[in-house]
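Let's take a walk through a protein structure together, one step at a time.

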Number of protein chains: 2
Amino acid sequence: MSIIQVCLGIDIGGTNTVYGFVDKDGKLYDIGSMETRAQEPAGIFFKRLGEELNKFSEELKTRFELAGVGVGAPNANYYSGSVENPPNLKWGTVNLVKEIQKIFNVPVAVTNDANAAALGELKFGIAKKMRNFIEITLGTGLGSGIIVNGDLVYGQDGFAGEMGHIIVVENGRECGCGRRGCLETYASATGIKRTVFQLLAEKNTPSSLRDIPFNQLTSKMIYDAAISGDAIAKAAFRFTGKILGKAFADVAALFSPEAYILYGGLAKAGELIIDPAKEAMEENILCFFKDKVKVLHSGLNEGEVAVLGAAALIWNEIDKYKISYE
Amino acid sequence: MSIIQVCLGIDIGGTNTVYGFVDKDGKLYDIGSMETRAQEPAGIFFKRLGEELNKFSEELKTRFELAGVGVGAPNANYYSGSVENPPNLKWGTVNLVKEIQKIFNVPVAVTNDANAAALGELKFGIAKKMRNFIEITLGTGLGSGIIVNGDLVYGQDGFAGEMGHIIVVENGRECGCGRRGCLETYASATGIKRTVFQLLAEKNTPSSLRDIPFNQLTSKMIYDAAISGDAIAKAAFRFTGKILGKAFADVAALFSPEAYILYGGLAKAGELIIDPAKEAMEENILCFFKDKVKVLHSGLNEGEVAVLGAAALIWNEIDKYKISYE
């Protein structure tokens with residue numbers, strides 16, 4: 001039996017940390033997870049992660065050779081290798097590369113989850129033949145990873161690609177970043193919930209959503225209501241898609257991307273969000289770009305995208321610098 | 001006497017076409033120009049250009065060897081090598097690469113003037129050590145050339161980098177592109193003129209600009225008035241800089257550029273435009289990027305930037321593909 005080269009992809013989220021072994025072609029051999037326990041210090045997390053991974057990889061040692069480790073984590077910086085005060089983890093600043101290399105002495109690269117997803121789409125998903133596209137995560141917030149000339153845009157400091165924080169409404173909704181009117185306050189799971197509440201306040205239309213308090217409402221409930229014909233829920237999707245599409249039009253003038261590729265909780269609503277987004281994009285886009293930019297759903301499985309993305313990041317580094325472990 | 005390798009840079013403008021020979025280090029050996037005569041067909045233009053360039057280069061043949069030709073022209077497309085219906089030339093679509101290669105049988109590359117300027121800044125100007133920056137031309141309109149990871153952003157179709165056409169005011173001023181509220185309707189020589197007229201309409205403040213009709217007013221006159229203390233002219237610069245700075249803040253979230261670098265007629269106003277732009281950028285930028293993004297004046301001579309940029313474009317291609325003519 002021949003030994004297969006794999007990379008380990010790790011996605012550190014606020015609630016769970018997911019990891020899996022992925023070969024050069026994006027085949028995921030095994031996937032596991034553990035609780036992140038955001039309130040515990042980073043030291044304890046890495047100790048637990050090491051134990052998990054060693055247990056996990058013990059079984060695989062006979063079949064696999066580890067070429068590298070890629071990590072997706074909130075606020076993780078590709079250049080420094082650190083997470084810098086992640087909003088949902090009590091870690092402060094931690095050098096992920098160093099911590100992971102204590103467990104596995106192989107090349108390690110880190111970036112944020114949205115960037116990792118874009119690389120996963122480029123290497124293993126529907127963007128394999130694209131050189132310019134923008135991957136959009138519609139989760140609690142709106143994350144983006146931007147590919148230009150076949151490479152991720154990191155910018156001067158590793159923090160580029162914050163499309164969730166372009167201002168789309170002057171003096172609009174309060175954003176967690178301290179400013180107002182950011183795209184993610186409208187186009188995200190939280191954004192559509194805010195839109196529902198705004199519509200419930202403005203209109204008299206009956207809606208099943210009138211019985212649900214703000215803190216219990218999820219984008220899944222809004223989706224289910226829309227599918228059942230609820231007028232408020234449908235209007236909320238249209239409004240969300242429209243804001244998103246106008247932002248797509250604006251940003252297209254800068255990047256001329258081949259596609260916007262959506263994934264994440266809210267993106268599961270499919271045409272409920274994609275159709276109004278496309279329509280608003282075409283209505284608002286500069287004439288050069290009309291009918292040129294696609295709006296697509298990710299080609300990766302929702303549950304695997306984060307791990308595949310993290311693995312793609314390190315496979316990409318290995319290809320780029322021709323680091324060979326054969 | 002040793003033979004020096006040079007590239008020919010050609011900038012085709014609506015009024016004049018400027019050309020010059022530039023070596024690898026950005027030394028400009030000679031510069032010449034001819035009228036473009038925008039109303040004449042492209043065939044006549046290239047015949048005249050051939051005669052001019054042959055005359056021009058005859059004198060230089062003993063000292064120089066031509067390695068390539070770079071062309072900056074309105075709506076010129078890097079991928080296709082063509083200008084496609086340039087707004088200020090009656091040419092339709094013309095393949096510039098083929099036309100120039102009838103004159104000189106060397107590698108030829110084309111792009112629009114704003115992209116060429118960005119490459120000039122990268123190769124010969126103040127951005128030599130930068131890998132991520134945005135070059136802004138404040139002329140009649142607002143052009144931009146975006147450098148990411150040390151390379152120009154062309155996008156899927158060669159038309160990326162249209163920062164002048166991001167929407168900054170919802171239902172704002174009419175733009176030549178057929179839409180409303182584009183950045184260039186505010187931040188450009190034409191934009192500041194429109195702002196002056198808006199301020200003259202709104203305010204009772206006395207101003208020397210009240211004696212000048214719209215069609216005669218230039219950004220130079222507004223600059224001179226501002227320097228003499230004219231309150232309307234000063235307010236127009238502040239407003240223009242503020243709109244520009246807010247756009248800088250938004251676009252920084254996508255690219256995390258090291259700098260915005262300004263050149264062109266309106267940029268000559270220096271701190272009158274740069275100071276309010278910086279201030280508005282810092283006020284509006286996402287916290288990660290505060291105090292990180294510079295706003296600078298171009299390091300190239302105003303009269304030479306177009307030719308140096310066009311030459312940089314082809315030097316860049318020669319470097320990239322290691323085309324050797326030695």
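**A helix across a sheet**

Start in chain A with helix 6, which spans residues 231–255. This helix lies across strand 8, strand 9, strand 11 (259–263) and strand 12 of chain A, and it runs at about 135 degrees to strand 11 of chain A. Keep in mind as you look that this is a predicted model.

Now turn to the strands themselves. They belong to an open sheet of five strands in chain A, with the order 10-9-8-11-12 and mixed pairing. Which strands stand at the edges? In chain A they are strand 10 (151–152) and strand 12 (294–297). Each has a single partner strand, so one side of each is left without a neighbour in the sheet.

What holds neighbouring strands together? Strands of a sheet pair through backbone hydrogen bonds, either parallel or antiparallel. For an example, find strand 8 (residues 133–138) and strand 9 (residues 142–148) of chain A, which run antiparallel and are joined by six bridges.

Next, let's look at rings. Over all chains, the structure holds 25 aromatic pairs. One of them is formed by B:F45 and B:F46, with 5.1 Å centre to centre and 85 degrees between the planes, an edge-to-face arrangement. Are these two residues buried or exposed? B:F45 has 1% relative accessibility and B:F46 has 6%. Buried means under 20%, so B:F45 counts as buried, and so does B:F46. Over in chain A, ring pairs link A:F45, A:F46 and A:W91 into a cluster.

In chain A, the charged end of A:K193 sits over the ring of A:F214, 4.6 Å from the ring centre. In chain B, look for B:K193, which lies over the face of B:F214 at 4.6 Å from the ring centre.

Finally, zoom out to both chains. A rotation of 180 degrees, with 0.0 Å of shift along its axis, superposes chain A on chain B with an RMSD of 0.0 Å. That is the relation of a two-fold axis. To find the axis in chain A, go to A:V148: its C-alpha is the nearest one, 3.8 Å from the axis. How do the copies meet? Of the interface residues of chain A, 97% are also interface residues in chain B, so the copies meet through the same surface.

Conventions. Residues numbered from 1 in each chain as written. Chains lettered and ligands numbered in written order. Predicted model: local features only at pLDDT ≥ 70, side-chain atom pairs only at ≥ 80, totals over all residues. Heavy atoms only, no water. Least-squares fit on C-alpha atoms with pLDDT ≥ 70 in both. Contact = heavy atoms within 4.5 Å. Phe/Tyr/Trp six-rings, centres within 6.5 Å; stacked < 30°, edge-to-face > 60°. Buried < 20%, exposed > 50% of the residue type's maximum accessible area, 1.4 Å probe, protein only. Lys NZ or Arg CZ within 6 Å of the ring centre and 35° of its normal. Pairing = 2+ DSSP bridges. Helix = DSSP H or I, 4+ residues; strand = E, 2+ residues; numbered from the N terminus. Axes fitted to C-alpha atoms, helices over the stretch in contact; angles between N-to-C directions.
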